[in-house]
Amino acid sequence: MDLKITVLGSGTSSGVPTIGCTCEVCRSTDPRDTRLRPSILIRHLDHNIVIDTTPDFRAQVLRAGIRRLDAIVYTHGHADHILGLDDVRPFNYHQGGPIPIYVSRPAFAIIERVFEYVFDNRERKTHVPRLDVNLIDDAPFDVLGLQFQPIPLTHGKDTIFGFRFGNVAYLTDHSEIPESSLDRLHGLDVLFLDALRHRPHPTHSTVEASIEIARRVQPKRTYFTHMCHDVGHAATEASLPPGIFLAYDGLEIE
Ligand SMILES: [Zn+2]
Ligand SMILES: [Zn+2]
Ligand SMILES: [Zn+2]
């Protein structure tokens, strides 16, 4: 299968540098320590699919040179994963049609509330995003010829989705991964995991916990993402076991 992945953002909800912070990582000159909010671009058969539309969506699209957007797949409805949705309007304009989105019912309920003006069907003379909404549950679904397998993840008190497509799995927000979900992760080439920081957090995984998950799942390569400013790129990556890396903005994987 011909898949190309670009990491559009590898940071946690507040991004790195974090506003007002003068810590070593926030002041770092290593470009890998500058992290926009979490998202990836998947290129498959000339189609561009993004997972999530972060508050940095516009900057991410411009930086990655994305000229066309064919679909959006949502992990969940938290602000750091949805707030850039309004910026799909130029794609509607250039492509002349709605953008298909694939979203769970609970995540769509949030999107519908936050972006009420998109769904109110009012006559207006200005442009709002035009979307073709596809509700998903935990059954596999097809996006333009690429099959997505939802991977249920425990994210604090919520259950949200990561996704497996081909031999890649993208799991961004998890405090626990249920056994039944681990069973869906055999034979991976690439696994993305949440690794917020070292200290425990009620809704996110840690570097140490995600090393353990990688040991169990045994993908060929693991990339950590959704990282905060406690995790400096160079020093943290040097401390990781073989086959485990930190993702960074702009990272491309074939
Ligand atoms: Zn900082
Ligand atoms: Zn979240
Ligand atoms: Zn998040």
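Me: Which residue bridges the zinc ion (ligand 2) and the zinc ion (ligand 3)?
Reply: First, a caveat: this is a predicted model, where local features need pLDDT of at least 70, side-chain atom pairs count only at pLDDT 80 or more, and totals for chains, interfaces and linings use all residues. Residues are numbered from 1 along each chain as its sequence is written, chains are lettered from A and ligands numbered from 1 in the order in which they are written, and side-chain values use heavy atoms, with hydrogens and water left out. The two ions lie 3.4 Å apart, and the residue bridging them is Asp-173.

Me: How far apart in sequence are the parts that His-155 and Asp-173 tie together?
Reply: His-155 sits in strand S8 (residues 146-155), while Asp-173 is in the loop between strand S10 (168-170) and helix H6 (179-182). Helices (H or I, at least four residues) and strands (E, at least two) are DSSP runs, numbered from the N terminus. So the pair links parts separated in sequence by 18 residues.

Me: Are His-155 and Asp-173 buried or exposed?
Reply: The scale here is relative accessible area with a 1.4 Å probe, protein chains only: buried is under 20%, exposed over 50%, partly exposed in between. His-155 comes out at 2%. Asp-173 has 1%. That makes His-155 buried, and Asp-173 is likewise buried.

Me: What is the arrangement of the 4 donor atoms around the zinc ion (ligand 2)?
Reply: Donors are N, O and S atoms within 2.8 Å of the metal (3.2 Å for Na, K and Ca), and water is not among the atoms, so sites may look incomplete. The protein donors are His-76 (NE2), His-78 (ND1), His-155 (NE2) and Asp-173 (OD), at 2.1 to 2.6 Å. Four donors are tetrahedral if all angles lie between 85 and 135 degrees; four are square planar and six octahedral if opposite donors are over 155 degrees apart and all others between 65 and 115; anything else is irregular. The angles around the zinc ion (ligand 2) span 88 to 172°, which makes the arrangement irregular.

Me: What spacing do the donors of the zinc ion (ligand 3) follow along the chain?
Reply: Its protein donors are Asp-80 (OD), His-81 (NE2), Asp-173 (OD) and His-226 (NE2), 2.1 to 2.2 Å from the ion. With angles of 90 to 164°, this site is irregular. Along the chain, the donor spacing is D-H-x91-D-x52-H.

Me: On to the fold: how many bridges join S3 to strand S4?
Reply: Two strands pair if DSSP finds at least two bridges between them. On one pairing, strand S2 (residues 39-44) and S3 run antiparallel over 5 bridges. Strand S4 (residues 71-73) runs parallel to S3, and Ile-49 stands opposite Ala-71. The number of bridges joining S3 to S4 is 3.

Me: How many residues of strand S3 are buried?
Reply: Strand S3 covers residues 47-51. The strand is mostly covered, and of its 5 residues the buried ones number 4.
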